[in-house]
Amino acid sequence: MISSALILPEHCEAGASAAVIPVDIAAAKAIAAAIPVAETETLDLLGASGRVLAAEACASLNLPPFNASAMDGYAVKATSFTGQGPWRLKVTGRVAAGDTPTQSFDGAVRILTGAPVPQGFDTVVMQEKCRLDGDAIVIDQKPRAGQNVRIAGEDVRRGEHLLGTGDILKAHHLALLAGQGVTAIEVRRKVRVGLISTGTELREPGEPLHPGQIFNSNRVMLRASLDACRWAEVLDFGIVPDNREAIALALAEAATQCDAIITTGGVSAGEEDHVTWAVSSGGGMLDVMRVAMRPGKPVKVGKLGTTLFLGLPGNPNATLVTFRMIALPALRRLAGLSNNSPTWTQAVADFTYEKRPDRTEFVPVRLGTAGADGLPRLTMLGRGSSASLRAISQAEGIALLAPGLDRVEPGMRIVFEAI
C-alpha cells in the first residue's frame with residue numbers, strides 16, 4: 001500500500017513521478033481518507049427521506065399487534081369441525097377493522113379484513129367458501145386451523161432489528177418505522193461538499209461564449225448528481241481561472257466550510273494545471289496521484305487539514321467516471337453510509353473494443369434486450385473519448401473492462417453500473 005505523502009510545491013506537477021496505482025486501491029484510499037461526520041440531527045419521518053440513519057432501529061411493538069383476519073369471511077374455532085360436513089354454525093356477531101371486541105362469541109363471527117380475531121377463535125373461512133342460511137353459515141369443506149389469520153408478531157416481533165446504522169432511509173423504511181408508531185428519527189447531518197470548477201476557458205451557460213471558451217458542463221453534472229444525494233449539501237464556489245494563487249485561495253476558503261472539496265480540471269501535467277500545486281501550498285496531503293484507469297488517470301485524492309480533497313479531471317467523461325468510481329464512494333463513507341461501493345451488474349458485451357491490458361477502462365454503454373441467459377446486452381457508445389458529452393448523455397450505464405483484458409468481443413461477460 002502506498003503511503004500518504006506531503007507533496008512539495010516544487011515537485012508536485014500532477015505527481016508526474018508518482019506511482020500509478022490500481023483503481024480498487026485508489027478507491028480504497030479515498031474511502032479510508034473519509035472520516036464519517038459525527039454530528040446528528042433529529043427529523044420527523046416526512047423530512048428524513050434519503051438521509052442516513054445514525055443509530056440502529058429496533059421494534060418497540062409486534063406487527064401485527066393482534067391476531068388479525070387476512071380475509072373478509074367468518075371467524076370460527078377449528079374445534080367446531082368434528083365429524084363429517086357440511087357444518088352449520090350460527091353467526092353470533094360482527095367485527096370490522098378498528099373494532100375492539102369485548103363480548104364473548106360462539107359459533108361463527110362475521111369478520112372483515114384487518115379486524116382483530118375474537119378471543120377463542122383461531123381460523124377465518126373466506127366468505128366465498130360459506131353459504132348463508134338464515135342466521136347461520138354452512139361450510140362444506142373443513143378449514144385448516146389458523147387459516148387466513150395473521151398472528152400477532154408474525155411480521156415484526158418486539159425487540160427485533162429493523163434498520164442498521166448507516167442505512168439510507170427510503171420510502172419503504174419510513175413506512176416500517178411509521179408502522180411502529182415512530183414520529184421522528186436520528187440521522188447524521190448532511191455532508192457539506194464544496195465544488196470548484198477550474199479553467200480560464202470556462203463560462204456558465206447563459207454567459208457570452210467567446211472564441212476559445214466552452215460552457216461549464218461538469219458543474220451542472222456534479223450538482224445534479226449530488227442533489228440526488230439527500231445526505232449531501234453542496235456549496236458552490238464557482239469557476240476559478242487557471243492561476244495558482246487564485247486556486248489556492250479558493251481551496252483554503254472551501255476547506256474552512258466543507259467536509260469535502262471536489263475540483264474539476266487542472267490535475268494533469270500541463271503548464272496551466274495548478275490544482276496539485278495549490279493543494280500542496282496549503283499543506284495538503286495526497287494519497288492518490290495517478291491511477292491505472294481510463295478515463296481519469298490524473299485523479300487526485302487527499303486531505304486539506306481535516307477536509308477530504310477530490311481532484312477530478314476536467315473532461316466530462318473522465319469527470320463522470322472518477323466521480324462515480326472514486327469520489328462518490330468516499331463521500332458515501334463521509335456521510336456514514338454502510339454501503340459505499342458501486343453496484344455492479346453482470347451483462348454481455350455486444351461490441352468489439354481493444355484496450356491496454358495494464359489498466360482498467362470504463363466505457364459508456366446502452367442496455368439492450370436480455371438474451372436467453374437473462375443478461376442484458378451492452379452496446380458501447382462513442383469511442384472512449386474522455387471529452388465526449390454525447391456518449392455519456394445517451395448512456396444507461398458504465399461498463400468496467402478489467403485489467404489484464406486486451407480485447408472485448410461480442411458474447412464476452414462483463415459488468416456495468418447503471419447510471
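**View 1. Helix α3 passes helix α6 in a right-handed crossing.** Right-handed here has the near helix turned clockwise from the far one by less than a right angle. This is a predicted model, where local features need pLDDT of at least 70 and side-chain atom pairs pLDDT 80 or more, while totals for chains, interfaces and linings use all residues. Numbering runs from 1 along each chain as its sequence is written, and side-chain values use heavy atoms, leaving out hydrogens and water.

**View 2. The axes of α3 (residues 217-227) and α6 (residues 316-334) come within 11 Å and cross at roughly 30°.** The two helices are therefore roughly parallel to each other, a label for angles under 35 degrees. Axes are lines fitted to C-alpha atoms over the stretch in contact, with angles from 0 to 180 degrees between N-to-C directions.

**View 3. Who touches whom between α3 and α6?** On the α3 side it's Ser217, Asn218, Met221, Leu222, Ser225 and Leu226, and on the α6 side Pro316, Thr319, Leu320, Phe323 and Leu331 (contact: heavy atoms within 4.5 Å). By class, that's seven nonpolar, four polar and no charged residues.

**View 4. Helix α2 (residues 171-179) buries His173, Leu174 and Leu177.** Down the axis of α2, its buried residues fall within an arc of 95°, so they line one face of the helix. Over on the other side, Ala171 and His172 are exposed (buried is under 20% relative accessible area, exposed over 50%, with a 1.4 Å probe and protein chains only). The cover over the buried residues includes β4 (57-58), β13 (161-163) and β14 (184-188). After α2 comes glycine 181, with a positive phi near 85°.

Methods: Helices (H or I, at least four residues) and strands (E, at least two) are DSSP runs, numbered from the N terminus. Angles under 35 degrees count as roughly parallel, over 145 as roughly antiparallel, 65 to 115 as roughly perpendicular and the rest as oblique. Ala, Val, Leu, Ile, Met, Phe, Trp, Tyr, Cys and Pro count as nonpolar, Asp, Glu, Lys and Arg as charged, and the others, Gly among them, as polar. The arc is that of the directions from the helix axis to the C-beta atoms.
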